[in-house]
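Work through the exercises below with the model open beside you. Try each task before reading its solution.

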Amino acid sequence: MAGLARRLSHLWQPLPIRVRGAIIIAIPVTCLLTTLSAFAWLKASLAEDETWIQHTQMVRLETKQLANALVDAETGVRGYGLTQREEFLEPYQSAQVEIPGSLDRLESLVGDNPPQVQQIQEIRRLTDDNLTIFQQKLSLKRSLQQISGEPDTKVPAADLYDWLEEGKETMDMARAAIDRFTEVEEALLAQRIQHRDRYQQTAWLALCLLAIISLLAALFAVRLFHQLERELADREAHLKTANHRLENACNQLQRFTADASHELRAPLAAVLSNAQVGLMALDDSEADFLEPADYSSDIRSRLENIVSLTKRMSTLVKALLFLARHESLLAAQDVQRVDLTKLVSQWVVDWQTEVAAHQLTLSADLPTVPLTVNANPHLLHQAVTNLFTNAWRYTPAGGHIHLHLYSCKDQAVLEVQDSGIGIPKESLSLIFERFYRVDAKRTKATGGLGLGLAIMQQIVQAHRGEVRVTSAVGQGSTFTIFLPLEAVDLKTVDSKTVDSKTVDLKTVDLKTVDSKTVDLKTVDLKTVDLKTVDLET
Amino acid sequence: MRILLVEDDSDQLEPLQAALTHTGHVVDGVEDGTTARWLMDEKEYDLLIFDWMLPGEDGISLCQYYRQVGKAAPILMLTAKDTIADKVKGLDAGADDYLVKPVDVAELLARVRALRRRSPLWCGDQLQVADLVLHLDNMRVERGDHSLKLSSRDFQLLEYMLRHPRQVLTHDQIEQSLWEWGSEPESNAVTARIKRLRQRLRVLDAHTWIETVYGAGYCFQPPAS
């Protein structure tokens, strides 16, 4: 038994929850349906039994009537025989009418029972005989009267007795036949009542049994349900623990990165200072001796190597620390409402010298309206600078970098497009990964760490933004930053700024005449709103 | 210039101290906050450089303490803490400048020069007495057509004398001003340094300007022209 239970539980456990739930619900439902059908069947059987009993009782009643009619006929005839009064013949006459009808009804009632039909035919024959005898007796009596001519002629007692006795035998036989018939019917009735009672008992028993089974099934279902619930709770708890553990691990990793980066700074600082102090000492010794020794230039280049490597290392540590710090979304106190248009135009001015130094050109296409975003301006600057640095690093001299800022639906979009070497298709999905380099040799020459784009993407994501890139090898790349726009609060836009906006709008119109770069996107609904506000004021 | 440099990591303290000394400053380097606080009370400094995290007392409370007692010398925070919030906290505590490690020595020296310029006692990048000019930024001394680069030790002594011309400076005063805290100068150390400086100035024919005042000390006395 225990083994079976275990085997069942083994079969049960791996079932999917959907199946288990269906089974649990199916158990009581099945029990209910079985009980209902069993009950209906029992009810139908009982009704049939009842019909049969009624049928039998009707037969009984009819038989009794037949017997009574027969007795009435006999009594009527006898009374007439004794008294010669016609009124005694009334029961006889009515019985005469009644008996054949009664017999017909009986025959039709017991039509399903051939022995009883035979019996009825026997009875019919006997009653017919009886009636014939009664008729003969009556005709005899009447003819006797007509012969004697006197109504009150005394008939000798002996004759009367004989007359009365005549047909008694047939009458008894008829009675006996009716009794036999009745006995059979009685037996049938008893049998049917017994059958009904037995059925009733069985029905009760079955109902009780089914009720018990249903109850047990329901309890079992409840138990299974409990078990399922417990299992689900266990699973949830397990998931929670796993989740907690993962979170911990993640936090630990983040903290480790932060700690490690922090701890790495101290020795780096010492190495850097030492090398630089060494270089200073070297400067002095070279100043003292007009002709520096050969080894001194060797020492100098080595010290300078140490300095540049340490600086590189420290940039890397700084970048790692930065990545570790800005893993999650920015908190509300770290962001402020900034005008992206103003920021970007400032950056463009700042970068012009750098661009010129690399023999590149930089152009920008900025909207005439402020694009307000919720952002940390320092981080945003870092992100866009990384993109920009990337652009000039991989764009050969004579190339062009183009910045395009516009709003699209509820997003501010900043495109940084270069005419550089481009990124191979297979690398596009990887460029945002930390330390990934498309061409390691080349990157080393340009001095990148392989973290710039990762940092850029992380910053943008921390602002609930998104970065996309398209590129064609040999033609250049376009990085696009999407940042959610803040709803422009009309109250903050005073009449002065609105005025300047309208002036700007004119310049946009002028620009569109000669240049196709300013598209209609920059003149969006917000500008129209501002204009109408201006008109009202 | 006399500088108090507080840095708990001796590996970092030593090269910075060397660099600052090398550029002609007298640097008291200490590794804990408690000693630093005691020195701040005992001595006058022209510049203080604090690390943030220190045993004993941290750089921020040293800063606050220094400002509370009413001293005005510039303070430079030199720390690995690099967030904006940290910088704000450091500057609000009373620091005049904030540098994040690892720092480029050239930048540190430039910042030190910049802070020196902000001192109320600042009178240009050079000191002049009669026709003798001492350039503070490159430690060269100049008279007429001749110029000469001084070692940091000679520069410190000459700077000190030029800042107090025509005053008798005792052995003790010189020792207090030019020797780092914790160093034990030998009894004839001052004499030896005076002697060496005179030798260096011989090229400029200014060696006689340092006069010995018997029984008292020395006096920088340019000839009355």
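**Exercise 1. Describe residues 225-259 of chain A: what is the helix and strand content, and how far apart are the end C-alpha atoms?**

Solution. Step one: assign the span. Residues 225-259 of chain A are 100% helix and 0% strand. Helices here are DSSP runs of H or I with at least four residues, strands are runs of E with at least two, and both are numbered from the N terminus. Step two: take the end C-alpha atoms, which lie 50 Å apart. Step three: consult the record. An unreviewed UniProt entry annotates residues 225-259 of chain A as "coiled-coil region". UniProt positions follow the numbering used here, feature names are shortened, and annotations may be inferred rather than shown by experiment.

This is a predicted model: local features need pLDDT of at least 70, side-chain atom pairs count only at pLDDT 80 or more, and totals for chains, interfaces and linings use all residues. Residues are numbered from 1 along each chain as its sequence is written, while chains are lettered from A and ligands numbered from 1 in the order in which they are written.

**Exercise 2. Which residues of chain A does UniProt place in the feature "transmembrane region"?**

Solution. The unreviewed UniProt entry gives residues 21-42 and 203-225 of chain A. Check each span in turn. Residues 21-42 of chain A are 100% helix and 0% strand, with end C-alpha atoms 32 Å apart. Residues 203-225 of chain A are 100% helix and 0% strand, and their end C-alpha atoms are 32 Å apart.

**Exercise 3. Give the strand order of the five-stranded sheet in chain B, and find its edges.**

Solution. Start with the general rule: strands of a sheet pair through backbone hydrogen bonds, either parallel or antiparallel. Pairing here requires at least two DSSP bridges between two strands. The order is 2-1-3-4-5 in an open sheet of chain B, with parallel pairing. Strand 2 (26-30) and strand 5 (97-100) of chain B each have a single partner strand, so one side of each has no neighbour in the sheet. On average, neighbouring strands are turned by 15° against each other, direction ignored. Axes are lines fitted to C-alpha atoms, for helices over the stretch in contact, and angles run from 0 to 180 degrees between N-to-C directions.

Now look at one pair. Strand 1 (residues 2-6) of chain B runs parallel to strand 2 of chain B, joined by five bridges. Val30(B) in strand 2 of chain B sits opposite Val6(B). Across strand 1 and strand 2 of chain B lies helix 2 (residues 33-42) of chain B, at about 160° to strand 1 of chain B.

**Exercise 4. How do helix 2 and helix 3 of chain B cross?**

Solution. The axes of helix 2 of chain B and helix 3 (residues 59-68) of chain B come within 11 Å and cross at roughly 15°. That makes the two helices of chain B roughly parallel. The classes are: under 35 degrees roughly parallel, over 145 roughly antiparallel, 65 to 115 roughly perpendicular, the rest oblique. Next, list the contacts, defined by C-beta atoms, placed from the backbone, within 7 Å. Gly33(B), Ala36(B), Arg37(B) and Met40(B) of helix 2 of chain B meet Leu62(B), Tyr65(B) and Tyr66(B) of helix 3 of chain B. By class, the residues of this contact are five nonpolar, one polar and one charged. Ala, Val, Leu, Ile, Met, Phe, Trp, Tyr, Cys and Pro count as nonpolar, Asp, Glu, Lys and Arg as charged, and the others, Gly among them, as polar.

**Exercise 5. Describe the four-stranded sheet of chain B.**

Solution. This open sheet of chain B has the order 6-7-8-9 and antiparallel pairing. Its edge strands are strand 6 (126-129) and strand 9 (146-149) of chain B, each pairing on one side only. Strand 6 and strand 7 of chain B share four bridges. Gln126(B) has His135(B), in strand 7 of chain B, as its bridge partner. Two residues lie between the strands of this hairpin, where Ala130(B) takes a positive phi near 55°. Strand 8 (residues 140-143) and strand 9 of chain B also pair over four bridges, with Val141(B) opposite Leu148(B) in strand 9 of chain B.

**Exercise 6. Which helix of chain B gives the most to the side that touches chain A?**

Solution. Count first: 16 residues of chain B contact 17 residues of chain A. Helix 1 (10-22) and helix 5 (105-117) of chain B each supply at least two residues of that side of chain B. Helix 1 of chain B gives the most, with seven residues. The side of chain B has ten nonpolar, two polar and four charged residues.

Methods:
Two residues are in contact if their C-beta atoms, placed from the backbone, lie within 7 Å.
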